[in-house]
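Below is a short briefing on one structure. It covers a single site, a sheet and the confidence of the model.

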Amino acid sequence: LLGTAAYMSPEQAKGRPADKRSDIWAFGCVLYEMLTGRRPFDGEDVTDVLVAVLGKEPADWSALPADLPAVIRALLRRCLEKDRRKRIGDIAAALFAVDEADSRGDAAARAASSVIAAREAPLWRRLAIVAAPALLVGAALAGAAVWMTTRPAPPRVSRLAIPLSPAAALSTNGIDLDVDITPDGSHVVYVGNNGTQIFVREIDKLEPVSVFKGGARAPRVSPDGQWVAFIDNTSVLRKVSITGGPPVTLASLDGPSRGISWLSNEAIVAATSNTATGLQRVSAAGGMPTVLTRPNRDRGDVDHLWPEALADGRHVLFTIAAQSGGLDAAQVAVLDLQTGSQKILIRGGGHAHHSPSGHLVYAAAGTLRAVAFDPVRLETRGTPVPVVADVSMMTTGGVNAVIAANGTLAYIPGGGGGVGAVPRTLVWVDRQGRETSIAAPQRMYIYPRLSPDGTRVALGAQDADVDIWLWDLARLTLTRATFDTNVDSYPVWTPDGRRLIFSSERSGSRNLFWQAADGTGTESPDLQNAASVSPDGTKLIFTESMSKTSEDVMQLTLDGTHRVTPLVQSTFAERNGIVSPDGRWLAYEASDSGQFEIYVRPFPEVNGGRWQVSTGGGVRPLWARDGRELFYASPASALMRVGVERGLSWASTTPTIVVKEGYLTNAGGFLGRTYDVSPDGQKFLMIKQGGSDQSGPAPTIIVVQNWGEELKRLVPVK
């Protein structure tokens, strides 16, 4: 061990490598001693001192001057955090706090009155009180000077592109975060192979290692770098060791993820697409989620997304999505987990991250912007500056960029994996697995729906203005069906093929609309996604998210009354209801068993029975046109089928695979069904990630080491 024991950080006392946070510890020790006249950690010999450094609090916090500004007290405590991950990461943040206290100008007057009250105190004590403001500034300047003169030159900023082989190709779904980095910046974690695997790639190694196989998205590494949390294709939060092994189930969420972040090694905060809830806390050991926030509709909130925990473990950055104005109207806020209070930090941006260089980095208009940020006072300062010009944005306002605890940046470029950059194609797949391409141009397709006569396909596109398009299978033409600038999705045909019913955000909340010129439809403050129409054309089956009951299967009468009634409603999630062709059965998915499974009930008397159809998980049911088969997607993205036996009561066969994995069958970020079946039931309309033309740039990951040095140059913190 090298150094004076009284000023040695805990990590140095353990014989571990030191970094600039070790210097922050020493600075805190010097500042404490200047203010109190005693060392924070002392003893009769070196052994006693090291024991105090490793396991005890400073000698006496009450010895600090009574009039010491609160910001300096907080600074001192953050400098002397034994866990260096929670310690202030840069001397610039300390200078920021000292400058803030000194700029108030009233500390000297308070100190003078303290001298009168303390005239009998020892001379050093009176001098310390009188000179407190000057000592603070002097200590900061001296500490900074010592650091600048004793430390080597600032580390060099370096950029590298992570090459990814076809066997471990990066996948982006345009909905959620697809990449993360370990706190020490040594490993990149990403989703690959069409969302079916999680890979871990060491920066200094040539090949990644697969640590999980199955539907996965939103990987996030724990603060100790030992676990990777992720969301599977049934909206279940799980974790797996960063070296691989069996996954651990933590909780079933109330909708697809809109961001997760580790608060500590013991807790995770999550956001979902369910607008009835905002941020939720889940124990890292597993358990029921606890709601932390709910969107304030009176204030114009529609949802709370993209949580990013600050290093203190008490505060969480998050994005407030607005009811109108799109991504330009989003706001970055910070939540105090102890008091529940919220504070707006940025307007016109989202998905913010804190950099240990003293900056808040957030996404706006396809770029990363940075602004000076005080993590103690939770305030930004100065004007935001663009720092990364081309980064992969998501339709939900998220950004594929992460910052490690040591300041390393990892991101996916906008031209190499962003929304619209990785094309999808439409293909037919028969029961023997033979694939036939469809001539539709490559787009970010989602939710294909064959018309009743099988001649056209209505489908969403997660690019441009997120509209609904029509592909004519005979004429080979693609035409736009919706034209507004808000999100239009979840198309459903009426049985006569004359109308489309779809979900749209044109009224603020996501409501149901006809494909009619007047745009008439139902109005509701709750999120609604169209699922299917009954065979007789009289009822629309849809999914609605509500604050008290999560997602429910509802029905809407398609007449002048537009009467809405619940079909399956509980505190668990139920969605994607679809009525059998003979009108006798309702199939849907529900999460009450701890994972989503496919169930069937009688229709319209849904309380007359309930049968589980899937085994081992299942979502997105679909009936064959003759009603003799029921299809669904497995957690591994294979297409399953059960035979339906005709009779007075429900009976079905054991599930078997009809189409193997490899298609966008079970995309966790998309609630609706992402496939369809031909009228004769012999082939399936599937979406394939990546086009047949692979000549364009492959998705890649950019890593910028020592990025904090570049940030400090581009966006000075003072």
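Thr 182 sits in the loop that links strand S2 (179-181) to strand S3 (187-192); strands (E, at least two residues) are DSSP runs, numbered from the N terminus. The model is predicted: local features need pLDDT of at least 70 and side-chain atom pairs count only at pLDDT 80 or more, while totals for chains, interfaces and linings use all residues. Residues are numbered from 1 along each chain as its sequence is written, and side-chain values use heavy atoms, with hydrogens and water left out.

**Surroundings of Thr 182**
- Thr 182 counts as buried because its relative accessibility is 4%, the cut-off being under 20% relative accessible area (1.4 Å probe, protein chains only).
- The side chains of Thr 182 and Asp 184 form a polar contact of 2.8 Å (a pair of N or O atoms within 3.5 Å, one able to donate a hydrogen and the other to accept it; residues adjacent in sequence count only if both atoms are side-chain atoms).
- A polar atom of the Thr 182 side chain lies 3.3 Å from the backbone nitrogen of Ser 186.
- Beyond neighbours within four places in sequence, Thr 182 is in contact with His 187, Val 221, Ile 242 and Ala 404 (heavy atoms within 4.5 Å).

**Sheet**
- Four strands form an open antiparallel sheet in the order S37-S38-S39-S40, where pairing requires at least two DSSP bridges.
- Its edge strands, S37 (574-579) and S40 (611-612), each pair on one side only.
- Strands S38 (585-590) and S39 (597-602) are antiparallel over 6 bridges; Glu 589 has Ile 598 in S39 as its bridge partner.

**Confidence**
- Mean pLDDT (the predictor's confidence in each residue, from 0 to 100) is 83 for the protein chain, with 85% of residues at 70 or more.
- Residues 692-696 stay under 50, with 3 contacts beyond four places in sequence.
- Where pLDDT is low, the predicted coordinates should not be read in detail.

Technical notes
Buried means under 20% relative accessible area, exposed over 50%, partly exposed in between (1.4 Å probe, protein chains only).
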